[in-house]
Amino acid sequence: MSSSPSGTVPQTAVGDESQSAHAVKTRIHRYFEDTTKDYLKYYGTRKHHHMHYGFDRNLPKGASPTGNMTRYLAKLAGLPSAYSTGSEGLRPARVLDAGCGMGGSSILLARESGAWCVGINLVELHAHIATAFANADAAKWGTPAETPRAVRPAPSDIVGSPARFVANDYTTPAFKPESFDVIWALESFCYAPDKEAWIRGMAPLLKPGGRLVIADGFSGRAPVNAAEARTFDLFLKGWAVPHFCSFEDMKTWATRAGLEVAHIEDITADVLPHAWKIFRLGPLIVPWRLLLRTLGLVGEEKLHNAWAIYHQYPTLKKGIWRYGAFCFQKPGKAA
Ligand SMILES: C[S@@+](CC[C@H](N)C(=O)[O-])C[C@H]1O[C@@H](n2cnc3c(N)ncnc32)[C@H](O)[C@@H]1O
């Protein structure tokens with residue numbers, strides 16, 4: 001168990017079996033297996049392939065807020081300019097998309113930044129769906145459905161910028177040290193049972209000069225009463241998130257892992273409009289799921305998920321949690 005330097009939110013209560021790595025991963029599996037169809041159908045993931053919040057700052061008219069989030073973080077990661085192909089003749093960036101969901105980030109980064117992405121996921125189904133989306137995207141955009149080999153040299157004759165996806169637990173990543181220019185964790189870090197260990201495990205995989213980009217929910221102010229504490233718990237439980245850590249924890253843990261702080265930003269205000277859109281489904285979905293659950297037609301996860309949809313917005317607005325964007329850099333010069 002990691003310590004919590006801020007002292008505000010302990011990562012794991014001693015003896016709390018529900019927070020053991022095994023229990024956390026079992027819940028994550030169950031949650032995503034139960035809700036993947038809903039993401040595809042109701043969240044627009046079939047279209048944009050993302051499973052994260054949108055980012056409304058400077059959102060071009062008609063553009064996708066979820067794509068806007070990815071593009072904003074791509075800039076923090078130094079993509080495409082830092083490593084990309086192009087007139088400078090630099091090699092493509094190697095990106096590890098840790099907790100890749102259904103591939104939205106990798107597919108976009110491959111297409112728009114010329115990056116070579118490998119997405120890893122605990123849930124095999126997500127890796128399969130992401131592969132299908134990447135192949136369809138490659139066919140549509142005229143790039144080959146060729147798969148990058150993140151740990152091997154890129155064949156020089158491949159045109160375009162592919163993305164490939166495999167089932168791999170990000171707490172035991174199957175890659176050699178210094179394999180990646182960018183490690184990317186968009187709303188996947190919150191699922192790490194031990195968040196300091198996660199950062200410690202990722203740091204060696206970065207090349208010198210490489211960047212670790214994380215965007216996710218983090219702990220905010222403490223709930224002021226039992227009702228607030230309960231709604232916050234229902235929110236975390238409904239999305240199978242074991243716990244949040246604080247901004248201060250992140251800084252401390254990244255530094256301990258030998259990384260330098262390049263960027264820390266609270267982007268709650270940019271995420272709130274999208275959180276509100278998700279929240280608006282709550283008053284419809286909660287009674288409906290309650291009814292279905294009472295009739296025994298859906299599992300408990302579906303009902304919990306409905307409560308999370310409902311509670312995520314007020315708890316974010318009240319500051320009980322915050323949305324953060326982080327970029328940490330490994331010392332040294334990018335080769
Ligand atoms: C909310 S989704 C975000 C997906 C994607 N990053 C996006 O932005 O669309 C969280 C993802 O993290 C994955 N995940 C959670 N724990 C993981 C682990 N231990 N190893 C790999 N992936 C994990 C989940 O399976 C899920 O696909």
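Which residues are buried in helix H6 (residues 195–202)? In this predicted model, they are Lys195, Glu196, Trp198, Ile199 and Met202. An α-helix has 3.6 residues a turn, so residues three or four places apart point the same way.

Next, a helix pair. Two packed helices are described by the angle between their axes and the distance between the axes. Helix H10 covers residues 282–294, and helix H11 covers residues 300–317. They pack at an angle of about 165°, and their axes lie 9 Å apart. Because angles over 145 degrees count as roughly antiparallel, H10 is roughly antiparallel to H11. The crossing of H10 past H11 is left-handed.

H10 brings Gly282, Ile285, Val286, Arg289, Leu290 and Arg293 to the contact. H11 supplies Lys302, Leu303, Ala306, Trp307, Ile309 and Tyr310. By class, eight residues of this contact are nonpolar, one is polar and three are charged.

Now the whole chain. It has eleven helices and seven strands. Of its 335 residues, 45% count as buried. Among contacts with a separation of 6 or more, 75% join residues 24 or more positions apart.

Conventions
Residues are numbered from 1 along each chain as its sequence is written. This is a predicted model: local features need pLDDT of at least 70, side-chain atom pairs count only at pLDDT 80 or more; totals for chains, interfaces and linings use all residues. Axes are lines fitted to C-alpha atoms, for helices over the stretch in contact, and angles run from 0 to 180 degrees between N-to-C directions. Helices (H or I, at least four residues) and strands (E, at least two) are DSSP runs, numbered from the N terminus. Angles under 35 degrees count as roughly parallel, over 145 as roughly antiparallel, 65 to 115 as roughly perpendicular and the rest as oblique. A crossing is left-handed if the near helix is turned anticlockwise from the far one by less than a right angle, and right-handed if clockwise. Two residues are in contact if their C-beta atoms, placed from the backbone, lie within 7 Å. Ala, Val, Leu, Ile, Met, Phe, Trp, Tyr, Cys and Pro count as nonpolar, Asp, Glu, Lys and Arg as charged, and the others, Gly among them, as polar. A residue is buried if 20 or more other C-beta atoms lie within 10 Å of its own, exposed if 12 or fewer, and partly exposed in between; C-beta atoms are placed from the backbone.
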